[in-house]
Amino acid sequence: MVQIFTFRERLAALPGTVRKRAESASARASLVADARAVAPEIPRDADAGHLERAARRLLRRAAQDEFAREGISRLRLPDGTSRVELRQADVPGDAAFHSFVEDVLSAVDIAPSPLERDDAVELRDARGSSDDYGLSPEVASDLASFLLGRAFALQDGGAALEDYLDEQAAQIREDTRTALVRQVRVPLELKVARDRHARVESGEVDEDFASPSGGPGDEHATAEERADFSRRARSAFEFAQSEAGRAAFGVLRSGAERAAGRAYERYGHRDTTGGQRKPPEAGPRTPPSV
């Protein structure tokens, strides 16, 4: 049987344990919130693996953007996009393709990030960080370093930060190289890249990849208007996900409910002819006939 002083010791230690767990949960939530500010697709209950995959996706997408931006015009690609033509052309074995891949990989620099959350968001949304194709590989690399720094902080111990980033950088470079090889081997992916390049070069709206338009249905918006609308939409989304945003929407919802209640009290008791309903006259109630 446990003695009474043992219970007292456990009860005395309980507040400290709860406080430590609360502080740990708050720190994890803050790290995930930092990552979601840059990549909103990361779930709220994310772990380190979610952030690592988001960083790899960011750079794979940047590599595909760079292929549509420069690779289409730099490489000697076959006129057709059938699987047989691509296999016969053997673009991955071309020296020009190797040079292009090395140029893209040279922009991948995964290192300890000095960025804070607001700095990372500003970098992502800056006018010089992206064009109609997407983010530049350099900016994507900086944002990936930011995400990986938060992922490392979410882990419980393990290797040093530099060793962790070196391991992640090697994986990212391999993923990037594989994504670029697929661009010139898979017919559909090459066709999509060519179509993107043609639309952007001709000034058409790239609905699948470019920034959102200057407004719903506004096909005449300029590139600057499109980027501004994208920034405003992203800011609105981030505000809606924040604590302040949820509190503001809660106040609006409560106000709407009170207004609806007052409207019902004022107009809900009117009859169909527009007059006020009168309460029934008091009198003896007759039982229903059988």
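**Whole chain.** The model is predicted, so local features require pLDDT of at least 70 and side-chain atom pairs count only at pLDDT 80 or more, whereas totals for chains, interfaces and linings use all residues. Residues are numbered from 1 along each chain as its sequence is written, and side-chain values use heavy atoms, with hydrogens and water left out.

Display the protein chain as a cartoon: it has 10 helices and 0 strands. Helices (H or I, at least four residues) and strands (E, at least two) are DSSP runs, numbered from the N terminus. Of the 290 residues, 32% count as buried, meaning under 20% relative accessible area with a 1.4 Å probe, protein chains only; exposed is over 50%, and partly exposed lies in between. Contact means heavy atoms within 4.5 Å. Among contacts with a separation of 6 or more, 68% join residues 24 or more positions apart.

**H2 and H8.** Select residues 48-74 (H2) and 187-202 (H8), which pack at an angle of about 65° with their axes 9 Å apart. Axes are lines fitted to C-alpha atoms, for helices over the stretch in contact, and angles run from 0 to 180 degrees between N-to-C directions. H2 is therefore roughly perpendicular to H8, a term covering 65 to 115 degrees; under 35 is roughly parallel, over 145 roughly antiparallel, and the rest oblique. Next, show the side chains in the contact: those of H2 include Phe 67, Ala 68 and Ile 72, and those of H8 include Leu 190, Ala 193 and His 197.

**Arg 56.** Remaining in H2, select Arg 56. Is this residue buried or exposed? Arg 56 counts as buried because its relative accessibility is 18%. Leaving aside neighbours within four places in sequence, Arg 56 is in contact with Gln 168, Gln 171, Ile 172 and Asp 175.

**H4 and H7.** Move to residues 95-106 (H4) and 161-183 (H7), which pack at about 140° with their axes 10 Å apart. In the contact, residues of H4 including Phe 97, Phe 100 and Val 101 meet residues of H7 including Arg 173, Leu 180 and Val 181.

**Confidence.** Finally, colour by pLDDT, the predictor's confidence in each residue, from 0 to 100. The chain averages 78, and 62% of the residues score at least 70. Select residues 209-225, where pLDDT is below 50; this stretch has 25 contacts in the model beyond near neighbours in sequence. Residues 271-275 are also below 50, with 3 such contacts. Where pLDDT is low, the predicted coordinates should not be read in detail.
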